[in-house]
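Please read this briefing alongside the sequence and the 3D view. It is grouped by topic.

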Amino acid sequence: MNAKKKNVIAIILGGGQGSRLYPLTESRSKPAVPIGGKYRLVDIPISNCMNSDIYRIFVLTQFNSASLNAHIKNTYNFSIFSHSFVDILAAEQTPDNPTWFQGTADAVRQCMPHFLNHEFDYALILSGDQLYQMDFNEMVEEHIKRQADITIATLPVNAKDAPEFGILKTNSESCIESFIEKPAKELLPDWESDVSDQMKQEGKHYLASMGIYIFNKDLLVDIMSNKETKDFGKEIIPQAVGSKKILSYQYEGYWTDIGNIDSFFEANIGLTEDLPKFNLFDDTNKIFTRPRLLPPSKFQKTMVERSLISEGCILNAKEINNSVIGIRSRIGTGTIIQNCYIMGNDFYQNIDEMDHDITNGKLLVGIGERCYINNAIVDKNCRIGNDVHINGGSHLADFSADLYAIKDGIVVIKKGAVLPDNFSIK
């Protein structure tokens, strides 16, 4: 029996202001950040739901929602004869809730009246900023079979990574007995759990919460009646340990939290590997996104190595290495792009517009000629002139300016930025 028949709704938490992903979140919410050249972050949890036959999906957000609204409206349209939907619920003032969302649990609490307009037995609560492919059917089935109150997806991690997570300790029945938030390394020996032999061989003895939960409806309604609790990971889960039956559902596939510029950059560049950990070419785990009627990409004398090229690009570059090139990208003659995520453009300039810009000394949308760009993220709709030299790396200190920011050695060119000829970041 699939999850749809089991009466599941999905609630995707869009996150707060997304300050750690700044400047990518300067004008858009975190779930709307482009990833993989043609997708948005929110497409990942939505696609996991749809691949698991869960078609009633809410996305909760409160910051810079316009582009997210447009993306979901233009992407997820279901038959008028079905009960399927992807609805955005933005923070709204009501007599009972006059404030913005104060945390993950508070976001769910404020939106409960909307959820309760639908029949459901189980609520699947997901994060909007994680990269993974997972069959939620198996998790739901285990939750029902084991008669759990709450099920938490857990990821085996090693001692180096454990202090970055909430760590759970399970008994022989895979039920969670205790919880600790970001434990110090000296405490870890007491927090080992039973994991598979493969995970033991990899030195992964600790179970980290993935921030993916299943709640029974009645329990969720009861928990949401307490307005003092604001967050799932920091309050609700620790408080439920010992009083509720909480099942650990171990997941051993690829999973990463897109929490900052470094992890975002690494996740995108990782897609270019020969055997990427996140497989965009898996026909049974398709990633859905907005269908665009774009032409094929066009190359001229360009050497491309280990890169992803999205549709609708016009590429005259000299070399593109180890990079992700987004939709409608335009890159000029003699330019070298390496270790970059070029997000592309939202539109094409027609011939008249290009002639007008050239006549008036204005740069064209895209990347000019004879440029060198390394270790960088170029956000959408940028105008980069000729002979621009950008060389990101550990030699660069963190910095923020009107046109770009540097974080962990990665240069981020801001959305719509205009970099003149001979501009340089070295």
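This is a predicted model: local features need pLDDT of at least 70, side-chain atom pairs count only at pLDDT 80 or more; totals for chains, interfaces and linings use all residues.

Residues are numbered from 1 along each chain as its sequence is written, and side-chain values use heavy atoms, with hydrogens and water left out.

**Helix 3**

- Helix 3 covers residues 104-115; helices here are DSSP runs of H or I with at least four residues, strands are E runs of at least two, and both are numbered from the N terminus.
- The expected span is 1.5 Å times one less than the number of residues, so the 12 residues of helix 3 should span 16 Å, and the 15 Å between its end C-alpha atoms agrees.
- Nine of the 12 residues of helix 3 are buried, where buried means under 20% relative accessible area, exposed means over 50%, and partly exposed lies in between (1.4 Å probe, protein chains only).
- The buried residues of helix 3 include Ala105, Val108, Cys111, Met112 and Phe115.

**Salt bridges**

- The model has 13 salt bridges, each defined as a side-chain nitrogen of Lys or Arg within 4 Å of a carboxyl oxygen of Asp or Glu.
- One of them joins the side chains of Asp106 and Arg109 at 3.3 Å, N to O.
- Asp106 and Arg109 are both in helix 3, three residues apart, or about one turn of the helix, and both are buried.
- Arg146 and Glu142 form a salt bridge at 3.9 Å, N to O, and a network of salt bridges links Glu142, Lys145 and Arg146.
- Glu142 counts as partly exposed because its relative accessibility is 24%.
- Lys204 and Glu202 pair at 3.4 Å, N to O; Lys204 is partly exposed at a relative accessible area of 25%, and Glu202 is partly exposed at 38%.

**Negative surface patch**

- Asp262, Glu266, Glu273, Asp274, Asp398 and Asp408 form a negative surface patch.
- Patch residues have over 30% relative accessible area and no salt bridge, with like charges joined within 9 Å; Asp and Glu count as negative, and the charge is placed at CG of Asp or CD of Glu.
- Accessible areas come from the Shrake-Rupley method with a 1.4 Å probe.
- Glu273 sits in the loop between helix 8 (261-270) and strand 14 (298-299).
- Glu273 counts as partly exposed because its relative accessibility is 33%.

Technical notes: Patches are made of residues with over 30% relative accessible area and no salt bridge: like charges are joined within 9 Å, nonpolar side chains (Val, Leu, Ile, Met, Phe, Trp, Tyr) within 5 Å.
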